[in-house]
Amino acid sequence: MERHYMDSKIKGVSTGTTILAVTFNGGVIIGSDSRASMGGNYVCSKTINKLIQVHDRIFCCIAGSLADAQAVTKTAKFQISLHSIQMESPPLVKAAASVMKELCYNNKEELQAGFITAGWDKKKGPQVYTVALGGMLLSLPFTIGGSGSTYIYGYTDAKYKPDMSREECLQFATNALALAMGRDNVSGGVAHLVVITEGGVEHVVIPGDKLPKFHDE
Amino acid sequence: MALPNVLETPPSGFNFENVFRNVALEGLLEGGRTKAPKPMKTGTTIAGVVCKDGVVLGADTRATSSEVVADKMCAKIHYIAPNIYCCGAGTAADTEKTTDLLSSNLTIFSMDSGRNPRVVMAANILQDMLFRYRGQIGAHLILGGVDCTGSHLYTVGPYGDIDKVTYLAMGSGDLAALGILEDRFKPNMELEEAKELVRDAIHSGIMSDLGSGNNIDICPTRSQSLKTRGKYTSIILVQHLF
């Protein structure tokens, strides 16, 4: 198996990926593709789960080294649960994002994983936070990440509107994922979307052949 | 370095002390006259499939040391618990020891808690351990078994990444075996059909890969009473290929 990952900067399985999170009126949509690659030319998994639930209304999407990302999210899930039990109330999205940021920043030499944390809490409603590779934490109305995100910066900057409806936002996220998956070779598979609102969490899975097609496909 | 008992939580945070040790060791070897010993690898084909009543795991039986076949009848399907088995590819010593440690810890856990271990627990323990060693333990594992929540099949990589799947092949012959699995896998197959599929997948790995060969071990794991499970748990299909 060594021949597969000799030249990649990430050792082992990486989620060369497209991930995004977008707030809309009343909630947030977090989405990703489902491909895990090794060395840039072998797809280890077509159905990997990159949307990890860290608490009832808080999800994280992962990019970078799969091992590092899974280890960080496991630790974060434990710490957020403990925090929530001690506070006797659901955790704030900001708290969850800070936990991820602490782990990434304090271990920045050894880890190679980036995250997008998104969710809903009672204090500030729907929020999106991005935790970059070195541990930078930013709060944004929407964000994209992973290797495939470079191809959709233009699209998302042009098409994002604040206060969209749920359907508009779903369409926006689906289109963005489809465009990125179409151009990035290490993103692909199915599009996983999770809609988080005060009322609950809803998973939407769009198989590859049902994704929107654009003019050249 | 002893692996802590499964019921003790290790100190919080990540432990990277072995990174410094490894850098120091590499420095010593490169500068000096000694060369690091070449580990015996199980250039291998292993596969697993989830079927209707359980999980079928299969493996070839060749262990290689560079170009020489070191062991013609090597057992790559390791016992973890009565209801959980694990196939290992990569460095033979690493897969042996890792699965041994896991098996011991799960036995202690079973005795203390009075419960049968779950496959997901085994997968999590493996993930925690392998991640701590940063890929230095060359164990590529297929973990499969049946517990009270159903039949499960997990892949565990040497860096500590896990994925839950319905069919899987690993080792140097994985691409050949995956071809067979991708073509003929169907969800909810009967046990006999699944055993044949796994056997054919390993066979194709043996034919197309120099590092795999000799015989095929098949291990179906089903949710049955301990008495009959003992009878069906290990079936060795011997096929003389040369």
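How far is the sulfur of Cys86(B) from the closest cysteine sulfur? The distance is 6.7 Å, to Cys87(B), and that is too far for a bond. Before I go on: this is a predicted model.

Staying with the cysteines, Cys86(B) is buried, at 0% relative accessibility. Cys74(B) is buried as well, with a relative accessible area of 10%. A disulfide would need the two sulfurs within 2.5 Å. Searching the whole structure gives 0 disulfides over all chains.

Next, the aromatic rings. Over all chains, the search returns 6 aromatic pairs.

Tyr155(A) sits in helix 4, residues 153–159, and Phe172(A) in helix 5, residues 166–183, so to speak a link between distant parts of the chain, 17 residues apart. Phe172(A) is buried, with 4% relative accessibility. Both residues also belong to one aromatic cluster, together with Phe142(A) and Tyr160(A).

Tyr167(B) is in strand 10, residues 167–170, while Phe185(B) is in the loop between helix 4 (174–184) and helix 5 (191–208), so the pair ties together parts 18 residues apart in sequence. Phe185(B) counts as buried, at 16% relative accessibility.

Last, the sheet in chain B. Which strands form it, and in what order? There are 5 strands, ordered 5-6-7-8-9, in an open sheet with antiparallel pairing. Strand 5 (77–81) and strand 9 (162–164) are at the edges; each has a single partner strand, so one side of each has no neighbour in the sheet. On average, neighbouring strands are turned by 25 degrees against each other, direction ignored.

Val156(B) stands opposite Ile162(B), which is in strand 9.

Helix 3 of chain B, residues 119–132, packs on this sheet and touches strand 6 (84–90), strand 7 (139–147), strand 8 and strand 9. The direction of helix 3 makes about 160 degrees with that of strand 7.

Key. Residues are numbered from 1 along each chain as its sequence is written. Chains are lettered from A and ligands numbered from 1 in the order in which they are written. This is a predicted model: local features need pLDDT of at least 70, side-chain atom pairs count only at pLDDT 80 or more; totals for chains, interfaces and linings use all residues. Side-chain values use heavy atoms; hydrogens and water are left out. Buried means under 20% relative accessible area, exposed over 50%, partly exposed in between (1.4 Å probe, protein chains only). Rings of Phe, Tyr and Trp (its six-membered ring) pair if their centres lie within 6.5 Å; planes under 30 degrees apart count as stacked, over 60 as edge-to-face and the rest as tilted. Helices (H or I, at least four residues) and strands (E, at least two) are DSSP runs, numbered from the N terminus. Two strands pair if DSSP finds at least two bridges between them. Axes are lines fitted to C-alpha atoms, for helices over the stretch in contact, and angles run from 0 to 180 degrees between N-to-C directions. Contact means heavy atoms within 4.5 Å.
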